[in-house]
Amino acid sequence: MTIKIFLANKQLADYQKALEFINKVAFSHYKCQPPPPPDVLFIAKNGDEIVGTTGLDLGEIDKPLPLELIYEFDKEKTPW
C-alpha cells in the first residue's frame, strides 16, 4: 500500500472529492457539517481512493482565521 500526499488544486476534480470526503467524515463522526475548507489542502490517496486530508489556514489582518471570527479578543484584557 503506497499512500501519496499532494497539494490539492481547487481547479481539479480531486479537490471536490476531498471536500466530499471531509463532509462524509465530519458527518459520520460528529453528525455535523465541517467548517469552510482551509486555504491550503493536502490530500492523501491510496491509488484513486482519498484516505485522508489535512489543511492549513493562514490568518491575516484583513482575513482572520475561522476561530478568530468566533471569539473577539480584547488585547487589553489578555495576559500576554
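Strand β1 (residues 3–7) gives the patch its largest share, three residues. I5 belongs to this strand and counts as exposed because its relative accessibility is 62%; the cut-offs are under 20% for buried and over 50% for exposed, with partly exposed in between.

As for the numbering and the model, residues count from 1 along each chain as its sequence is written. Because the model is predicted, local features need pLDDT of at least 70 and side-chain atom pairs pLDDT 80 or more, while totals for chains, interfaces and linings use all residues; side-chain values use heavy atoms, without hydrogens and water.

Now to the sheet behind the patch. Three strands form an open sheet in the order β1-β2-β3, paired antiparallel. Its edge strands are β1 and β3, each pairing on one side only, and the twist from one strand to the next averages 20°. Helix α1 (residues 13–30) packs on this sheet and touches β1, β2 and β3, its direction making about 90° with that of β3. Contact means heavy atoms within 4.5 Å; axes are lines fitted to C-alpha atoms, for helices over the stretch in contact, with angles from 0 to 180 degrees between N-to-C directions. Helices (H or I, at least four residues) and strands (E, at least two) are DSSP runs numbered from the N terminus, and two strands pair if DSSP finds at least two bridges between them.

Five bridges join β1 to β2, and K4 stands opposite K45 in β2. Seven bridges link β2 (residues 40–46) with β3 (residues 49–56). In β3, L56 faces V40, and G55 is the bridge partner of L41. Two residues separate β2 and β3 in their hairpin, where G47 in the turn has a positive phi of about 70°.

Terms used: Buried < 20%, exposed > 50% of the residue type's maximum accessible area, 1.4 Å probe, protein only.
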